[in-house]
Amino acid sequence: AQGRALPSNLIIRMKFGATLRRIGVRGVEIRKPEQLDNVDGLIIPGGESTTMAKLANYHNLFPAMREFVSTGKPVWGTCAGLILLANKAVGQKLGGQEVIGGLDCTVHRNFFGSQLESFETLLSVPQLAEKEGGPDSCRGVFIRAPAILEVGPDVEVLADCPVPSDNARTIICAGEGKKERVIVAVRQGNLLGTAFHPELTSDSRWHSFFLKMGKETGERSLECVSAPEGY
Ligand code: GLN
């Protein structure tokens, strides 16, 4: 019998959970604002940022997530999660989009185009190399992906990638100067932002990088990593 397809957001949550378990981290899902008091880090996953923002609003999660960002505990926004973590999101058809903010950058929500224009590419990320000068490439899975157009002075660029020349939308988004490369991963203190989906590969180095950020920015090691409901 043909099984029912699992919703993609459920698969993403399961994959995050499995990779975190592999590196010894217990993940729990955050459904209520007060649950954030009991976790040491937060992952805001991919999905659809307008829907996620509406659901986060409905569950009154915005104030608690903003407070969490300001505690200095590590927060990782990936894809739609990156859009929510950015100070400014552009590229939506209808009006503005509520964001958590904190990450000093401007993100274009659908820079790389529609679902059909999703793609995979190799990224070079020196910070992921196990030893200095060691192999640093990682697979980037870009699904209806955003890109980072501008960053503030405190933001460290971890990865960029070429702007596809055959995609009409990216040519328009890249603007007058027709950017040749665009930023797809950044870090600012306790905040990590990735435009692609590291959890959809078998590579756990991004998760380990995030874990290390927790050790650097806080007293306690990262024991629990959580994701909000409703993506
Ligand atoms: N472009 C999507 C948005 O606006 C994000 C896509 C993703 O998370 N894979 O929310």
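Asn60 sits in the loop that joins α2 (49-58) to α3 (62-70); helices here are DSSP runs of H or I with at least four residues, strands are runs of E with at least two, and both are numbered from the N terminus. The model is a predicted one, in which local features need pLDDT of at least 70 and side-chain atom pairs count only at pLDDT 80 or more, while totals for chains, interfaces and linings use all residues. Residue numbers start from 1 along each chain as its sequence is written.

Although Asn60 is not a glycine, its phi is positive, at about 55 degrees. Most residues other than glycine have a negative phi. Asn60 counts as exposed because it has 10 C-beta neighbours inside 10 Å. By this count, with C-beta atoms placed from the backbone, a residue is buried if 20 or more other C-beta atoms lie within 10 Å of its own, exposed if 12 or fewer do, and partly exposed in between.

A positive phi, near 45 degrees, is also found at Arg144, a residue in the loop between β7 (137-142) and β8 (147-151). Arg144 has 18 C-beta neighbours inside 10 Å and therefore counts as partly exposed. Arg144 is also one of the residues around the ligand, a group that includes Gly46, Gly47, Cys79, Asn110 and Pro146; a residue belongs to this shell if its C-beta atom, placed from the backbone, lies within 6 Å of the ligand. The shell divides into five nonpolar, four polar and three charged residues. Here Ala, Val, Leu, Ile, Met, Phe, Trp, Tyr, Cys and Pro count as nonpolar, Asp, Glu, Lys and Arg as charged, and the others, Gly among them, as polar.

Turning to the chain as a whole, there are six helices and 12 strands, and 41% of the 231 residues are buried. The largest nonpolar core has 55 residues, and those with the most contacts inside it include Leu84, Leu85, Ile148 and Val184. Such a core is a set of buried Ala, Val, Leu, Ile, Met, Phe, Trp, Tyr and Cys residues joined through C-beta atoms within 7 Å. Beyond its neighbours within four places in sequence, Leu85 is in contact with residues including Ile44, Val75, Ile100 and Leu191, a contact being two C-beta atoms, placed from the backbone, within 7 Å. Of the contacts in the chain with a separation of 6 or more, 74% are between residues 24 or more positions apart.
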